[in-house]
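I opened this entry to record what I looked up in the structure, item by item. The notes follow the order in which I consulted the coordinates.

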Amino acid sequence: MEIVRDPLELQRMCATWRREGLRLGFVPTMGYFHAGHLALMDAARAQSDRLVVSLFVNPSQFGPGEDLAAYPRDLERDSRLAAERGAAVLFVPDPEAMYRGPDVWVDVPQVAAHLCGASRPGHFRGVATVVAKLLLLAQPHVAVFGEKDRQQLAVIRAMARQLFLPVEIAGHPIVREADGLAMSSRNVYLTPGERAAAPAIHRGLLRVRDWLLAGERHCAALAGRLREFYAAELPEGRIDYAEFVHPETMTPVAEIDAPVVLAVAVRLGKARLIDNVLLES
Ligand code: AMP
């Protein structure tokens with residue numbers, strides 16, 4: 001596996017593979033790999049001849065006061081894991097190489113209006129911009145993104161469609177710890193006590209699924225019951241949002257009569273944890 005730092009070198013490398021008729025699979029990441037990242041790599045590898053992985057802690061998607069400087073990093077371990085997963089190249093650019101000259105932004109304001117887009121202004125503009133750059137560099141046939149960041153996936157799908165990017169955007173199911181906690185590089189911020197409490201986030205989502213099966217279809221009522229559940233089961237958590245949204249547009253829905261995403265963000269100590277489930281009507 002090669003480690004490439006220069007964007008244009010990655011572009012040349014991938015263009016050569018494409019000309020040779022090889023199918024390219026791509027997984028963009030911010031590193032500090034866990035089993036979720038590795039599952040995405042396996043999925044991309046399974047449907048391509050060359051797996052390209054990028055590792056870039058993208059400054060433009062972090063707001064002031066967020067955890068850009070503290071974000072966990074371990075390039076040595078990540079390189080080993082990506083190589084073991086069959087990556088042909090690990091792209092690790094410097095921020096200066098990715099953002100050079102006057103500003104250019106890609107914005108998807110409607111899909112970014114709610115949920116994390118509302119609590120992290122500018123976040124999805126940073127995400128859409130860097131993913132557009134990465135897709136234009138790697139020019140993959142397929143790029144795989146996790147459903148854990150469901151709004152991010154929706155933003156990227158809308159961006160790829162509107163910009164006519166010739167790439168298939170594939171979603172991958174959330175990979176969870178045995179106790180249900182969605183895997184995240186940010187889980188390292190949790191103290192042992194917080195880590196023990198954190199699976200309640202997912203349990204709450206499963207409760208909502210049960211209440212829906214029992215016949216409650218009104219989102220306001222379900223959200224109220226979910227907040228009560230969290231107040232009892234996760235008293236140390238502060239709910240950033242708990243919202244029912246359309247799976248593609250990420251806009252709020254009032255009643256569940258078609259598939260709906262229930263997305264939550266909870267602050268627990270130093271961590272801000274997100275999770276979601278797709279609810280079938
Ligand atoms: P990150 O390094 O956190 O930016 O994540 C890189 C990619 O891995 C994104 O597409 C994420 O949605 C995905 N990902 C992160 N955690 C998980 C998880 N627990 N299950 C599935 N995909 C994940």
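**Helix H6 and the residue after it**

I began with helix H6, residues 123-138, and compared its length with expectation: at 1.5 Å a residue, its 16 residues should span 22 Å, and the end C-alpha atoms are 22 Å apart, which agrees. I note that the model is a predicted one. I then looked up burial along H6 and found 13 of the 16 residues buried, so the helix is largely enclosed by the rest of the structure.

Next I checked what comes after the helix. H6 is followed by Gln-139, whose phi is positive. The value is near 40 degrees, in a residue other than glycine. I recorded this because most residues other than glycine have a negative phi. Gln-139 lies in the loop between H6 and S5. With a relative accessible area of 37%, Gln-139 is partly exposed.

**Leu-115**

I looked up a further positive phi at a non-glycine position: Leu-115 has a phi of about 50 degrees. This residue is placed in helix H5.

**Gln-152**

I located Gln-152 in helix H7, residues 150-162. Its relative accessible area is 19%, and Gln-152 is therefore classed as buried, the cut-off being under 20%. Setting aside neighbours within four places in sequence, I found Gln-152 in contact with Phe-124, Val-127 and Phe-145.

**Trp-105**

I turned to Trp-105, which lies in the loop between helix H4 (95-98) and helix H5 (115-119). Trp-105 counts as partly exposed, at 33% relative accessibility. Its side chain is joined to that of Asp-103 by a polar contact of 3.4 Å. I then asked which residues Trp-105 is in contact with, leaving aside its neighbours within four places in sequence. They are Ser-60, Tyr-99, Arg-125, Gly-126 and Thr-129. For Thr-129 I also took the separation: 24 residues apart from Trp-105 in sequence, the two are 5.5 Å apart in space, C-alpha to C-alpha.

**The ligand site**

I listed the shell around the ligand, which holds 17 residues; Met-30, His-37, Asp-149, Val-175 and Met-183 come nearest. By class, the shell divides into nine nonpolar, six polar and two charged residues. Strand S2 (24-29), helix H2 (35-46) and strand S5 (142-146) each supply at least two of the shell residues.

I then looked up polar distances to the ligand. An N or O atom in the side chain of His-37 is 2.8 Å from an oxygen atom of the ligand. A polar backbone atom of Val-175 is 2.8 Å from a ligand nitrogen atom. For Met-183, a backbone N or O atom lies 2.8 Å from a nitrogen atom of the ligand. I also recorded the cover: the ligand taken alone exposes 480 Å², and the protein buries 94% of that.

**Ser-185**

I found Ser-185 in the loop between strand S6 (168-172) and H8. Ser-185 is buried, with a relative accessible area of 4%. Its side chain reaches the backbone oxygen of Gly-31 at 3.3 Å. Not counting residues up to four places away in sequence, Ser-185 touches Gly-31, Tyr-32, His-34, His-37, Tyr-71 and Pro-72.

I repeated the length check on helix H9, residues 200-213. Its 14 residues should span 20 Å at 1.5 Å a residue, and the end C-alpha atoms are 20 Å apart, which agrees. The buried residues of H9 are Ala-200, Ile-201, His-202, Gly-204, Leu-205, Val-208, Trp-211 and Leu-212. I looked up what they pack against and found helix H8 (192-197), helix H10 (219-233), strand S7 (238-245), strand S8 (260-268) and strand S9 (271-279). Just after H9, Gly-215 takes a positive phi of about 115 degrees.

Last, I placed His-218 in the loop between H9 and H10. At 43% relative accessibility, His-218 counts as partly exposed. Apart from neighbours within four places in sequence, His-218 is in contact with Ala-254 and Glu-255. I also noted that His-218 and Val-260, 42 residues apart in sequence, are 12 Å apart in space, C-alpha to C-alpha.

How values were computed. Residues are numbered from 1 along each chain as its sequence is written. This is a predicted model: local features need pLDDT of at least 70, side-chain atom pairs count only at pLDDT 80 or more; totals for chains, interfaces and linings use all residues. Side-chain values use heavy atoms; hydrogens and water are left out. A residue is near a molecule or strand if one of its heavy atoms lies within 4 Å of it. A polar contact is a pair of N or O atoms within 3.5 Å; within protein, one must be able to donate a hydrogen and the other to accept it, and residues adjacent in sequence count only if both atoms are side-chain atoms. Accessible areas come from the Shrake-Rupley method with a 1.4 Å probe; for residues, only the protein chains shown count as cover. Helices (H or I, at least four residues) and strands (E, at least two) are DSSP runs, numbered from the N terminus. Ala, Val, Leu, Ile, Met, Phe, Trp, Tyr, Cys and Pro count as nonpolar, Asp, Glu, Lys and Arg as charged, and the others, Gly among them, as polar. The expected span of a helix is 1.5 Å times one less than its number of residues. Buried means under 20% relative accessible area, exposed over 50%, partly exposed in between (1.4 Å probe, protein chains only). Contact means heavy atoms within 4.5 Å.
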